[in-house]
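Reader: I have a model open and want to learn how to read its features. Can we go through them one by one?

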Amino acid sequence: MILMLSEMSVESQIFYSVLLFSWIVYTWEAYLASRQRKIYRTTTHVPAELGNIMDAETFEKSRLYQLDKSTFSFWSGLYSEAEGTLILLLGGIPFLWNIAEQMLYRAGFSAEYEIIHSLVFLLLATLFSAFTGLPWSLYNTFVIEERHGFNQQTLGFFFKDAVKKFLVTQCILLPVASLLLYIIKMGGDYFFIYAWLFTLVVSLVLVTIYADYIAPLFDKFTPLPEGDLKESIENMAKSIDFPLTKVYVVEGSKRSSHSNAYFYGFFKNKRIVLFDTLLEDYSPLNKEGTEDTSGNENTELKAKVKNLNKKQGCNNQEVLAVLGHELGHWKLGHTVKNIVISQVNSFLCFFLFAVLIGRKELFAAFGFYNTQPTLIGLMIIFQFIFSPYNEVLSFCLTVLSRRFEFQADAFARNLGKAKDLYSALIKLNKDNLGFPVSDWVFSMWHYSHPPLLERLQALKVDKQN
């Protein structure tokens, strides 16, 4: 293979090297997934060390759920890789660029309107991606998630949500892309600095406005009612100087019974968001005895939970322990460190883009012989040329993330929450049907959070005290 590449033109060497590396990565990922699927298939009984953590029924449910997810991931991954390969081999990118050009000509625009041309191309590309991904998303939601009791969406809700997501994405993507392309084209020799600063500002703005203006378009956010839980959260935040301003509960149960919690905001304006499925006292999945005021959807939702034969969420002390972990990320500077790493990486990538954008052979390798559009250059360099670097960086960030998770657990432990965090992790693993047995190579490469047993072992000594 190496000898064959050496005999090709530079353009062909670039093209087939990109294609070869893509399949190497896919093969590696498929190999890792096959190791983990073997674990799912063969580990049919609760290991001795898990006897006090997980009952046999939940263990079997989680095994079957993860096996279904892994099998689905194999086929969807294979399709995605085959689709990407065919797009490259058949010249799909220049083909779509030409379609966008023809649409512009019919609208009365000439070839010099490159930014408008690029926006039409982006719109067509995202439409293509949405339609080809739709069958996979439907199967995942209404077959796999439905089969295992997690899906709470109706078909109408799903399509309404998908259309809304597409429109919101376009409303953000197209203006940002047009401004970025303008900066790159007009920024002179130091355009990469201006482009980096622009993306930095955009990312900070999006993080700031997401929970207040974007997320409420999809889910209902309500302030956490006054009571013991809110008072305890505020006291804990005050004890570590976390500048908490508001606590919200998001109605995640309309979409899925999976649970989560996060915080957002900058400087002195921090806010905490709790999924209703995380809260034992608020989750509608537990309120089977209350009057049904929301029609058939709520009745069906309760029936699914009843079939699962479990109580959803954590009690107040366990919620506080989970938040102690999350606030540990802030107190220990993990959020700032992640932002710094992200921005250093972004600056480096824009700098290298500035070095490479003038290489015509990069464009020719992907079918652009007579023109070098800036947007296509961004796609080629960031998505294809940087792919080996991106794989290495992703692995390093995964390792760092696991280290941060252990540190955040230790922070919650030092707040005196070891016992409650221990029980919360078990409950959350059960609620989300996480399988607690992992292949070590798969875990090392993929898990941004440490395996459950490792986290419990780190908390166990303090729990027993």
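Reader: Start with the second largest pocket. How much space lies in it?

Author: About 580 Å³. Keep in mind that this is a predicted model.

Reader: How many residues line that pocket, and which lie nearest its centre?

Author: The lining has 23 residues. Nearest the centre are Ser137, Phe158, Asp161, Ala162 and Lys165.

Reader: Which helix gives the most to the lining?

Author: That is α6, with nine residues. Helices α5 (114-147) and α6 (155-186) each supply at least two lining residues.

Reader: What is the make-up of the lining by class?

Author: Ten residues are nonpolar, nine are polar and four are charged.

Reader: Now salt bridges. What is the general idea?

Author: Side chains of opposite charge can pair when their charged atoms come close. Here the cut-off is 4 Å between a side-chain nitrogen of Lys or Arg and a carboxyl oxygen of Asp or Glu. A search of the whole structure finds twelve such bridges.

Reader: Lys165 and Asp161 are both among the residues nearest the pocket centre. How far apart are N and O in their salt bridge?

Author: The distance is 3.4 Å, N to O. Both residues lie in α6, four residues apart, about one turn of the helix.

Reader: Is Asp161 buried or exposed?

Author: Asp161 is buried, at 6% relative accessible area. The cut-offs matter here: buried means under 20%, exposed means over 50%.

Reader: Where else does a helix hold such a pair?

Author: Look at α3 (residues 56-89). Lys61 and Glu57 sit four residues apart there, so about one helical turn separates them. Their side chains meet in a salt bridge, 3.4 Å from N to O. Lys61 is partly exposed at 23% relative accessibility. Glu57 is partly exposed too, at 45%.

Reader: Which residue forms a salt bridge with Arg359?

Author: Glu361 does, and the closest N and O atoms are 2.6 Å apart. Arg359 counts as partly exposed, with 42% relative accessibility.

Reader: Next, backbone angles. What should I expect of phi?

Author: Most residues other than glycine have a negative phi. Asp241 has a positive one, near 65 degrees. Leu433 is also positive, with phi near 50 degrees.

Reader: Where are Asp241 and Leu433 found?

Author: Both are in loops. Asp241 lies between α8 (228-239) and β2 (244-250). Leu433 lies between α14 and α15 (440-446).

Reader: Is Leu433 buried or exposed?

Author: Leu433 is buried, at 4% relative accessibility. Asp241, in contrast, is exposed, at 59%.

Reader: Stay with α14. What is the place of Ala418, and is Ala418 buried or exposed?

Author: Ala418 is in α14 itself, which covers residues 387-431. Ala418 is buried, with 5% relative accessibility.

Reader: Last point, confidence. What pLDDT does the chain average?

Author: The average is 88, and 91% of the residues score at least 70. Over residues 289-309, though, the pLDDT is below 50. That stretch has 26 contacts in the model beyond near neighbours in sequence.

Reader: How should I treat those contacts?

Author: Where pLDDT is low, the predicted coordinates should not be read in detail.

Definitions and conventions. Residues numbered from 1 in each chain as written. Predicted model: local features only at pLDDT ≥ 70, side-chain atom pairs only at ≥ 80, totals over all residues. Heavy atoms only, no water. 1 Å grid on protein atoms, 1.4 Å probe; cavity = no way out; pocket = protein on both sides within 12 Å on 5 of 7 lines; lining within 4 Å. Points joined across faces, edges and corners; volume = space filled by probe spheres on them. Nonpolar A, V, L, I, M, F, W, Y, C, P; charged D, E, K, R; others polar. Buried < 20%, exposed > 50% of the residue type's maximum accessible area, 1.4 Å probe, protein only. pLDDT = per-residue confidence, 0-100. Contact = heavy atoms within 4.5 Å.
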